[in-house]
Structures are given as C-alpha cells and as structure tokens.
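User: I would like a close look at one part of this model. Please keep it brisk and connected.

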Amino acid sequence: MYWQKDLETMSREELEGFQLERLKKSIEQASHSPFYKKLFKEHGISADSIHSLKDLQRLPFTTKNDLRNNYPYGMSAVPLSKVVRIHSSSGTTGNPTVVLHTQKDLDEWANQVARCLTMVGLTSEDVFQNTSGYGMFTGGLGFQYGAEKLGALTVPAASGNTKRQIKFITDFGTTAIHAIPSYAVRLAEVMLEMGIDPKTDTRLKVLAIGAEPHSEEQRKRIENLLGVKAYNCFGMSEMNGPGVAFECPEQNGLHIWEDYVIPEIINPETLQPVAEGEVGELVLTTINREAMPLIRYRTRDLTRFLPGNCPCGRTHRRIDRMKGRSDDMIILKGVNIFPIQIEKILMQFKELGSNYFITLDTVGNSDVMFIEVELASLPTDNYRDLQALNAEITRQLKDELLLTPKVKLVEKGSLPQSEGKAVRVKDLRKFQ
C-alpha cells in the first residue's frame with residue numbers, strides 16, 4: 001500500500017533531481033536564521049553555490065551543541081509569529097535542544113508519519129493506540145497527528161499505567177500500537193499475568209517500535225509474545241520526530257524518506273564518507289522544513305546504507321537498524337562495546353526474560369562489566385542447571401565482546417521495571 005506512490009517510487013534520477021531543487025531552497029531558507037546567516041557568510045555559502053548533491057559535502061556540519069548554544073530561537077529561519085509549536089529534548093543539564101515548527105512543518109510531519117503507517121498496511125479502518133508520552137516529547141504528538149491524517153481512530157493513551165493500556169486495547173479493539181521495545185515486552189507480560197492472550201484475546205496486528213536500540217532477537221520475541229508484526233521506526237526531535245525512516249512489510253531495513261531529508265553516512269572520527277555498506281554516523285539535511293532547517297546535522301546514530309533495491313518497489317534508500325550511538329559507546333579495557341551486542345546474545349536464551357542491567361565498575365585496579373539478567377520464570381532448584389546456563393551465557397558474551405563479563409541470573413521481576421525508555425547501563429568506574 002502506498003500513501004504517495006508517485007513520490008515513493010520515483011526513479012533515482014528523478015529523486016536526486018528533486019532533492020537538489022529542495023536542497024537549494026533549504027539553503028536559502030536556512031540563511032534567514034541568525035546561526036546559518038553567520039555560518040554561510042563565513043564559508044561563502046549560498047543557494048547559488050550548490051550545483052549538485054556532491055556539493056553538500058563542502059558544507060560544515062551542524063551539531064547538538066550548535067542548537068544548545070543558540071537556544072532558544074537562534075536557529076529560527078522564520079519570524080516567531082509564524083511558529084506555532086516548539087518541541088524540546090529531555091536533557092536535564094544546560095540548555096535543551098529545541099525545534100520550532102510552522103503549521104506547514106506540522107502538516108508535512110503528519111503526512112510523513114501517515115506515509116509510514118500506510119506502508120505497513122494501516123488504513124482508516126484501524127484503531128491506533130499510542131503509548132508514548134505527549135507534551136515536549138515528539139513521539140506522542142508525531143504519531144497522533146500522523147494516525148489522524150491517515151483517518152484511523154486514535155487512542156492517545158500516553159505512557160504508563162499498563163493495566164489501563166490493556167483495558168483500552170481489549171475494549172476499543174486496538175489493532176495497532178506504538179511503543180518502545182522494552183515497554184512492548186512489559187505489555188505482553190502483564191497481559192499474560194492477567195490471563196489475557198494477546199494472540200487470541202485482542203485484535204492487535206501491527207506494532208511500531210523505536211526510540212531505543214533493540215536487536216532482531218528482541219523484535220522476534222515481541223512479535224511472538226504479542227502476535228503482531230513489529231516494524232522499526234527511526235526518528236529524532238531535531239528531524240521533527242518519528243517518521244524519518246520506517247520499515248516496509250519486507251522488514252529488510254528502514255526506508256529513509258529522501259524527499260524530506262538527504263542522508264549521509266560518515267566516519268565519526270575522520271568525518272569523511274564511508275564506503276557503501278559500511279557502518280558510520282548518520283548525517284541528515286532537512287529539505288522540507290520552514291521554521292528550522294538543519295544542514296548536515298550529526299545525529300550520532302550509527303547505521304549503514306543497505307545495498308540493492310527493495311522488493312516493495314519503493315526507491316528511497318534503506319538504512320540498517322541502529323547499531324548504537326557514537327557517543328553511547330562503552331569502552332572497556334580498550335574494547336568498543338554497544339549494549340545492543342549484549343542484548344542480542346541474551347535474547348537467544350529462552351530461559352531468560354527481557355529485563356537486564358549492565359554495571360561498569362572498578363574492582364581493585366581493573367574495570368569489570370557486571371550483567372544482571374532476569375530469568376523467564378522462577379528459578380529451578382537445580383543449582384547445576386543454573387550454573388551451566390550462566391557458563392554458556394558468559395561464554396557466548398565473551399565470544400561477542402572479546403572480554404569476559406560477570407553474569408548474574410536473578411529472579412523474574414527483581415530488576416526495576418520501566419514504563420518509559422529503558423536505562424540499561426550504569427557506569428561506576430573510577431576514572432583518573
């Protein structure tokens with residue numbers, strides 16, 4: 001199913017011509033902001049200096065610090081009288097990052113999300129329940145207006161209150177949900193505790209998941225628990241919010257909507273483009289925004305372009321699921337580790353639940369990784385079975401991480417439960 005078939009399936013040549021035209025307009029629009037007006041003057045940049053998409057690589061990057069340093073309105077490219085909404089990051093120290101929207105920006109964002117939902121088979125006949133927080137967080141309102149644009153019956157349940165969420169799912173006949181992966185598992189677990197089988201006692205069929213890194217094993221576990229197809233969603237407030245990229249029914253990467261952004265993937269150290277298919281940092285340039293265009297914004301998210309054409313027929317490039325973030329990487333004993341590598345191993349064991357916690361600490365003169373992971377059920381009385389399970393988990397983690405963590409199996413429900421974005425890592429190391 002297509003929302004805008006002509007835009008979603010245009011040839012690469014047409015799409016790149018379309019991007020170039022929009023890029024020049026975006027450069028012109030950005031030059032009205034105090035930040036870019038000064039930056040462009042320093043670098044001799046104007047819309048007329050852009051002759052091809054390759055010229056984009058000559059432009060300087062924009063970073064989160066640029067947004068913070070120009071808080072609150074220094075990035076605005078329109079008079080504040082034209083701005084109708086502001087969203088903000090959840091940072092608790094220093095200036096947050098804010099993103100400004102005109103009414104046209106909001107309409108385009110809703111259209112973008114509606115395109116994503118249509119792609120995975122949703123229509124005006126569906127009931128869409130959103131378990132994301134509303135307010136300054138973009139996940140709530142982004143999906144809300146996208147689902148409304150689609151014509152679906154929307155349930156703005158917001159985050160938390162799991163039993164109420166489940167009541168809405170069963171009473172309203174919810175067919176589609178937006179939830180972060182850890183909370184999707186929590187929903188399934190509470191349903192089963194209440195004697196509700198998600199596969200037979202609900203009408204659920206589609207789940208949109210995002211906002212926190214998760215492995216393919218975690219996705220499959222969620223699909224099995226809830227009896228749905230779970231589609232990865234990528235978004236960030238700086239790029240509006242959810243809907244920047246989304247999986248199609250093929251589930252072989254996320255189509256990044258190139259009529260809204262121009263994606264690049266760079267080496268985060270050298271800042272040069274990586275080879276096709278190589279993992280690097282995603283850089284995005286908005287080409288369809290009025291209030292706050294962003295040029296070559298460093299997302300810090302690590303991914304890669306997937307080669308080849310998608311069988312679904314859409315020509316917009318596909319990116320792989322996020323491996324992690326260039327600034328969320330754990331460095332332990334000289335080894336670079338991402339939490340999702342650990343989750344990938346843990347989720348392969350049917351004896352384990354989905355809740356785990358990583359602690360980095362200094363023991364003596366050595367840094368150590370401790371991993372606590374819940375069992376899927378009450379532990380067996382057979383100590384040798386648990387000991388053998390622990391040893392096998394440790395062995396597989398060592399093979400993946402190239403160092404040996406300390407694994408502790410704990411009873412189901414003993415680790416803190418989160419109804420928001422899961423916090424997986426705590427660093428207690430004593431740095432000199």
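How many nonpolar, polar and charged residues does the lining of the second largest cavity have?

Analyst: The model is predicted. The lining of the second largest cavity has 10 nonpolar residues, no polar ones and no charged ones. Its residues are Leu117, Val120, Leu122, Phe128, Ile177, Val206, Leu207, Ala208, Tyr231 and Phe246. Strand 6 (residues 206-209) gives the largest share of that lining, with 3 residues. The volume of the second largest cavity is about 30 Å³.

Now the setting. The whole structure holds 2 cavities of 30 Å³ or more. The largest cavity has a volume of about 90 Å³. Its lining divides into 5 nonpolar, 4 polar and 3 charged residues. Lining the largest cavity are Asp105, Glu108, Trp109, Gln112, Met239, Asn240, Val244, Tyr260, Val261, Thr286, Asn288 and Arg289. Here helix 5 (residues 103-119) supplies the largest share, 4 residues.

Next, the packing of helix 2. Helix 2 covers residues 12-30; at 1.5 Å a residue, its 19 residues should span 27 Å, and the end C-alpha atoms are 26 Å apart, which agrees. Buried in helix 2 are Leu15, Gln19, Leu20, Leu23, Ser26, Ile27 and Ala30. Seen down the helix axis, the buried residues fall within an arc of 140°, so they line one face of helix 2. Glu13 and Lys25, on the other side of helix 2, are exposed. The cover over the buried residues of helix 2 includes helix 3 (34-43), strand 10 (261-266) and strand 11 (280-286).

Conventions: Residues are numbered from 1 along each chain as its sequence is written. This is a predicted model: local features need pLDDT of at least 70, side-chain atom pairs count only at pLDDT 80 or more; totals for chains, interfaces and linings use all residues. Side-chain values use heavy atoms; hydrogens and water are left out. Helices (H or I, at least four residues) and strands (E, at least two) are DSSP runs, numbered from the N terminus. The expected span of a helix is 1.5 Å times one less than its number of residues. Buried means under 20% relative accessible area, exposed over 50%, partly exposed in between (1.4 Å probe, protein chains only). The arc is that of the directions from the helix axis to the C-beta atoms. Contact means heavy atoms within 4.5 Å. On a 1 Å grid over the protein atoms alone, a cavity is a set of points where a 1.4 Å probe fits but cannot get out, and a pocket is an open set with protein on both sides within 12 Å along at least five of seven lines; lining residues have an atom within 4 Å of a point. Grid points are joined across faces, edges and corners, and a volume is the space filled by probe spheres set on the points. Ala, Val, Leu, Ile, Met, Phe, Trp, Tyr, Cys and Pro count as nonpolar, Asp, Glu, Lys and Arg as charged, and the others, Gly among them, as polar.
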